[in-house]
Every structure is written in C-alpha cells, then in structure tokens.
Amino acid sequence: MVDSPISSFYHAVKEVFAPILLKDERWSRQVDPKLQSLLGHLENGLAASLRLTDPSVDEPINRDTLSIIFNPVDEYKYWKELQDTLPTPQQNERAKFFSKILEPFKSVFDGLQRMSFEIDKALKPLTTLNALNYNPYTEALWAASVAQYDQNMQIARKRVAAKIGLENRNFLLGQLVEYMKNSSKDFLACSGGDKTVIPPTHCAPELINDITWIRQLESKIKEVAKVSRSLLDDIDGYHKLAGDIESLLLDFQSYNKEKLDNWTQEMLDSLRTRSLGNLDTGRPVISLNKKGQPEVSYSPRLVTLMREVRQLRVLGYNIPNKNT
C-alpha cells in the first residue's frame with residue numbers, strides 16, 4: 001500500500017510529527033496535553049486501519065492502547081488482532097475468548113452499515129424541508145413528511161430484523177445480556193475497591209484510570225442500548241435488558257460524580273491546611289541543603305495533583321478554584 005494516503009499520513013505522523021511533538025524536550029512542552037493525547041490516538045487509529053486494509057502491512061499492535069475502542073465492534077477488532085500475538089498461551093486464550101464473545105456484535109453492526117441506504121431513504125422526506133420555513137401554511141407538509149419518515153423507519157427496522165432473523169436476534173439478546181452481566185460485575189468489583197479489573201495506564205493516577213475506564217465502559221453500554229433498541233425491541237427479554245442498561249448507566253454517572261466530588265473536597269481541604277507541601281511558586285523546585293545535597297521542594301502528592309488536574313481538564317471536567 002505504498003500509494004495509500006492512509007499509509008503516507010500514518011508514517012508522517014509516526015516518524016515526523018509524533019517524535020517531535022510528543023518526545024522532543026523542546027517542542028513537547030509547547031503543545032497542549034490534549035493535543036498530544038489526540039495525536040497519540042490518531043497514530044493508533046491509523047495503524048489499526050492499515051492492519052485491517054492491507055495484510056502485508058507489518059505494523060506492531062500496541063497492546064496497551066484502548067484509545068481506539070469506542071464501541072463493541074472496536075473491542076472485537078482489538079481482541080481479534082491480539083490473539084496469537086501475546087507472550088503467553090493464557091493471554092492468547094483470553095483474547096480468543098473475548099473476540100468470540102464479541103463476534104455477534106460485529107455481525108449486527110455490519111448489518112446496520114449495509115442498511116445505511118434504508119436509513120437515508122427514511123430521512124429523505126425531511127431533507128427537502130426548510131426547518132426555518134415552518135408556518136401554518138407548511139404545517140400540513142411537515143406533518144405528512146414526519147408521517148412518511150416514521151413509516152420508512154418502520155420498514156427499515158423490519159428489513160434489518162428480517163436480515164438478522166429471529167433465531168439470531170434471540171442469540172444476540174442472550175449475548176447482550178451476558179455482556180451486561182459481565183460489565184456490571186466488573187463495575188461492582190471496581191466500585192468495591194478491586195482495581196485489577198481496570199487495565200493499567202502508564203503514568204496515570206488512580207483517579208484518572210478509574211474515570212477513564214468508566215467512561216469507556218459507558219460508551220460501550222450506550223452502543224449496546226442503541227443496537228438493542230433498533231433490533232430487539234419486539235422480542236421477549238428486551239425490556240429487562242433496557243432497564244438494566246439504564247440502571248447501569250445511572251450507576252456510572254453517580255460513581256464518577258462521587259469520585260470527582262470526593263477528590264475535589266480532599267484537595268481543597270489539603271490546600272487550606274497546606275498538607276500538600278510547600279506551594280510557594282517563588283521558590284526553586286530544587287535547592288541545596290546545608291550539606292550541599294539537592295532537595296525537591298514539591299511533595300510527591302503535589303506533583304500527582306498537578307497531573308490529575310491536567311488530565312481531568314483534558315477529559316472535560318471543570319476544576320474549581322481554591323476560593324470557590
């Protein structure tokens with residue numbers, strides 16, 4: 001794939017821009033951490049795309065990256081790529097197990113992609129209308145277009161369901177229920193203090209690991225909700241699954257909010273009591289004591305706090321000021 005624009009772009013990012021903007025001591029300091037994170041995600045995504053589109057491409061798989069996983073299909077591809085490449089037989093078996101469990105999701109999502117034409121057709125009645133031109137004279141036209149849209153969507157859903165078949169849909173429902181059970185089990189373990197269910201992230205504080213893992217899990221569960229609502233809402237067992245999904249998503253939100261609130265209160269209390277160490281920004285970070293030995297004026301917890309604040313901002317959270 002010498003002439004592929006994806007290949008050219010990937011190698012430009014990997015060999016030119018990433019080393020300069022992520023590793024070069026001079027330039028890396030001038031780049032916003034969020035942009036650095038996005039650049040790393042871009043490199044991983046391009047590498048994954050190359051491996052899928054060209055079997056001859058020999059780009060190594062980054063086992064530690066989860067940045068390209070946004071839905072169950074992405075996770076299926078992740079484990080599918082990892083199987084037979086891990087250092088131990090146990091790890092390879094684990095990768096095969098996960099890819100097998102997630103394979104039905106891939107079939108369903110592929111089916112949805114093939115039905116994109118039906119979705120476009122369903123939306124067509126609305127695309128000819130001007131949303132800013134709604135008035136009593138166009139009300140009847142709007143009502144007719146919306147009715148046509150609803151009818152088209154019903155037809156599209158029936159065609160998707162027909163392609164999958166009742167037996168496969170029941171099988172899919174069973175797999176989704178099992179996936180939800182495992183996700184709930186992992187979440188309960190994590191919220192109970194067992195952090196072994198969370199994949200380790202290099203140089204990330206525990207708080208960031210927790211929140212990031214929950215948000216990734218939340219994204220996957222939302223995809224499960226979307227697929228099940230489109231394909232399974234007319235079979236037995238769906239409504240219980242939908243209720244379990246809604247309950248788990250609420251638990252995710254409560255967990256992250258509680259973690260962030262507790263962290264905020266702890267840090268504000270520590271700042272008020274000066275238990276984080278010396279905060280005098282006018283002092284040098286490193287100084288010599290009476291024996292001529294170097295001493296670091298920042299406490300390790302303060303360094304961790306700075307990393308937590310920076311990464312929480314990258315994740316989109318607002319960090320309160322000391323006086324608020």
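What follows is a working chat about a predicted model, its helix α11 and some of its salt bridges.

Trainee: Before we start, what should I know about the numbering and the cut-offs?

Mentor: Residues are numbered from 1 along each chain as its sequence is written, and side-chain values use heavy atoms, with hydrogens and water left out. Since this is a predicted model, local features need pLDDT of at least 70 and side-chain atom pairs count only at pLDDT 80 or more, while totals for chains, interfaces and linings use all residues.

Trainee: What is the mean pLDDT of the protein?

Mentor: The mean pLDDT (the predictor's confidence in each residue, from 0 to 100) is 78, and 80% of the residues reach 70 or more.

Trainee: Switching to α11, how many residues does it have?

Mentor: Helix α11 (residues 300-314) has 15 residues and reaches 22 Å from its first C-alpha to its last, close to the 21 Å expected, where the expected span is 1.5 Å times one less than the number of residues. After α11 comes Gly316, whose phi is positive, near 95°.

Trainee: And what do its buried residues pack against?

Mentor: They pack against α9 (206-231) and α10, with contact meaning heavy atoms within 4.5 Å. The buried residues (under 20% relative accessible area, with exposed over 50% and partly exposed in between, using a 1.4 Å probe and protein chains only) include Leu302, Leu305 and Glu308.

Trainee: How many salt bridges does a search of the whole structure find?

Mentor: The search finds 8, a salt bridge being a side-chain nitrogen of Lys or Arg within 4 Å of a carboxyl oxygen of Asp or Glu. One of them joins the side chains of Lys220 and Glu75 at 2.9 Å, N to O. Lys220 lies in helix α9 and Glu75 in helix α4 (residues 72-82), so this pair ties together parts that are 145 residues apart in sequence.

Trainee: Are Lys220 and Glu75 buried or exposed?

Mentor: Both Lys220 and Glu75 are buried.

Trainee: Which residue does Asp210 meet in a salt bridge?

Mentor: Asp210 meets Lys259 at 3.1 Å, N to O, which links helix α9 to helix α10 across 49 residues. Asp210 is buried, with a relative accessible area of 1%, whereas Lys259 is partly exposed at 22%.

Conventions: Helix = DSSP H or I, 4+ residues; strand = E, 2+ residues; numbered from the N terminus.
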